[in-house]
Amino acid sequence: MTAGAVRKIGFEWALEGKHPGSFDDYELLDHSRRRLDTRIFQEIRSRYVTGISPQLPQVTIARAKTGQDEQVVRYVVLAVQNWSEHRDGTNRRIAHTRWFYVPYEQLIEHPVTYEALYGAFAALPTELDPAAPPTVDVPALDPLTLSPGGDALSTAALLMTGRPVCVVGAERVEMLERLRFLDTVAALLPYGMRANLTATTWISSTAEHRIRLSFARHAPEGTHTVAWGDGAEIPIGAGQAEFYLDTLATSEIPLLDIMGSLSRQTEPLSFAKQDRMVAMELLHRAAHPRYELEPEPEPEPEEPDRSPSYLHGESNRIDLLSSLTAEEPARGKGRWSRWRRDRRGGGPRRSAALGNRREAAPSLPASMREFAYDQDEPEQLTPYRHDWKWWSTLALWVVLVVALAGFAFIVIFNPKWDTFPALDTILLVSDLALLVAAGLALLFKYVRLPSRVPDWTRPRRDQVKRGG
């Protein structure tokens, strides 16, 4: 795209007005007969009703989207409202509104301004040949012709909230200057948002409309208000608007250069939240080109893992623990004493196994060291201890306390032995048996007696206690 270059742009059109001397309301008088049909023209003219301003001409920017040949076709619509030479049956002047539909695809390679489109369409005669494919010469967008001020900056920022914006206090401003203001605001946004931007240079304060950016005498409820010449304050909590305004106002890149960069972002964007986030990202890149993200380099191939096989997997971890806690084979007399000696002092086989692991552990990556032994971390074997022993001890103490309480109740607080002697005897014997069983269980749990079958969990438990 070359700024100021002229290119022919095709369009479709529709004419809205009244027949001379008619008492009817405004209607569709004629339209082109190419891709778009009457239904589309009727829908768009009824959707963007602005009323009739006492000061004409006025311009409205609308949008249209149709599905043609299984693909979506977007149109930027420019409506030019002006007085005709005719009067209706009540002797009132008839206003003609000409609707021009420009396919957005043509504007991707040749971005233009609304003012340039208006100048090209305003020069056309009112009556056109419905069957002929009309074209107009339109110059390309040149950001140097625009001069954004505080009003335009605050308006562009407020559009990032997703709510409509209304400019008030500009009744004495010429229509071309207001149209140029709309161009300036649009130039502060990525060009692709023009595919969905709707705006007008004038609208009745009583009209119910869906126009996103408008000029009116009074702002309707639920819209942001910008006072002409005084700008607008960003409301509290509008973080996206604050970010957009701060980026535009504080960037070291000249504002015209930022606008030139945004004019090349022609991918269609809406004013939905997700697309507004994309718009802020595009603005940030235009305002801070030095911080533009570089493509991530491709990850380098990982080196093959040459660590010992016993450090990988659940089964190998069990093998490691087994080697740490292995019992020396019994060989005749004194095998119990040898096992006790090995358990307390480590033993020859277990010391050799631990020595090998200690040499291997420091050279392992951090993600693999949880499966290796390190003599400086005595608690590393804690996850492998039997947590159930604490619960079993608690359960035994509960049983013992309950048994004692039951025994005290039967003996002390139940003097009626003659009423149910058999039942009381059964309860007393059962309670004594439960009391003896719980007491013996706790006795054997806390007093370790010699056994011919070694407890394979003791070497690991003692290893944790010793910290070696």
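Student: Which helices do the buried residues of α7 pack against?

Tutor: This is a predicted model, in which local features need pLDDT of at least 70 and side-chain atom pairs count only at pLDDT 80 or more, while totals for chains, interfaces and linings use all residues. Residues are numbered from 1 along each chain as its sequence is written, and side-chain values use heavy atoms, with hydrogens and water left out. In helix α7 (residues 255-262), the residues I258, M259, G260, S261 and L262 are buried, that is, under 20% relative accessible area, where over 50% is exposed and in between is partly exposed (1.4 Å probe, protein chains only). With contact taken as heavy atoms within 4.5 Å, the buried residues of α7 pack against α5, α6 (239-250) and α8 (273-287).

Student: How many helices and strands does the protein have?

Tutor: Helices (H or I, at least four residues) and strands (E, at least two) are DSSP runs, numbered from the N terminus. By that rule, the secondary structure of the protein comes to 14 helices and 11 strands.

Student: What share of the contacts with a separation of 6 or more comes from residues 24 or more positions apart?

Tutor: The protein has 468 residues, of which buried residues make up 41%. Among the contacts in the protein with a separation of 6 or more, the share from residues 24 or more positions apart is 71%.

Student: Are α7 and α8 parallel, perpendicular or oblique to each other?

Tutor: I258, S261 and L262 in α7 meet L282, L283, A286 and A287 in α8. The axes, which are lines fitted to C-alpha atoms over the stretch in contact, with angles from 0 to 180 degrees between N-to-C directions, lie 9 Å apart at an angle of about 130°. Angles under 35 degrees count as roughly parallel, over 145 as roughly antiparallel, 65 to 115 as roughly perpendicular and the rest as oblique. The relation of α7 to α8 is therefore oblique.

Student: Is the crossing of α4 past α5 left-handed or right-handed?

Tutor: Helix α4 (residues 150-159) packs with α5 at an angle of about 55°, with their axes 9 Å apart, and that makes α4 oblique to α5. In this pairing, D151, A152, T155, A156 and L159 of α4 meet F181, T184 and V185 of α5. A crossing is left-handed if the near helix is turned anticlockwise from the far one by less than a right angle, and right-handed if clockwise. The crossing of α4 past α5 is right-handed.

Student: How many salt bridges are there?

Tutor: A salt bridge is a side-chain nitrogen of Lys or Arg within 4 Å of a carboxyl oxygen of Asp or Glu. One of them joins D30 to R33, with the closest N and O atoms 3.3 Å apart; D30 is partly exposed at 23% relative accessible area, whereas R33 is exposed at 52%. By this rule the count comes to 11 salt bridges.

Student: Which residue forms a salt bridge with R7?

Tutor: In this salt bridge, the closest N and O atoms of R7 and E109 are 3.9 Å apart. The pair links distant parts of the chain, 102 residues apart, with R7 in strand β1 (residues 6-10) and E109 in helix α2 (residues 104-109). R7 counts as partly exposed at 39% relative accessibility, and E109 counts as exposed at 59%. The partner of R7 is E109.

Student: Is R194, which meets D183 in a salt bridge, buried or exposed?

Tutor: The N to O distance between the side chains of R194 and D183 is 3.4 Å. R194 lies in the loop between α5 (175-187) and β9 (199-200), while D183 lies in helix α5, 11 residues apart. D183 has a relative accessible area of 1% and is buried. At 3% relative accessibility, R194 also counts as buried.

Student: Which residues are linked with K18 in a network of salt bridges?

Tutor: K18 is found in the loop between β2 (12-17) and β3 (27-31), and K18 is buried, with a relative accessible area of 9%. Leaving aside neighbours within four places in sequence, the contacts of K18 include D24, Y26, I94 and H96. The network of salt bridges links K18 with D88 and R92.

Student: How far apart are the C-alpha atoms of H96 and W83?

Tutor: H96 lies in strand β6 (residues 93-103) and is buried, with a relative accessible area of 14%. Beyond neighbours within four places in sequence, H96 is in contact with residues including L15, K18, V80 and T126. H96 and W83 are 13 residues apart along the chain, and their C-alpha atoms are separated by 6.0 Å.
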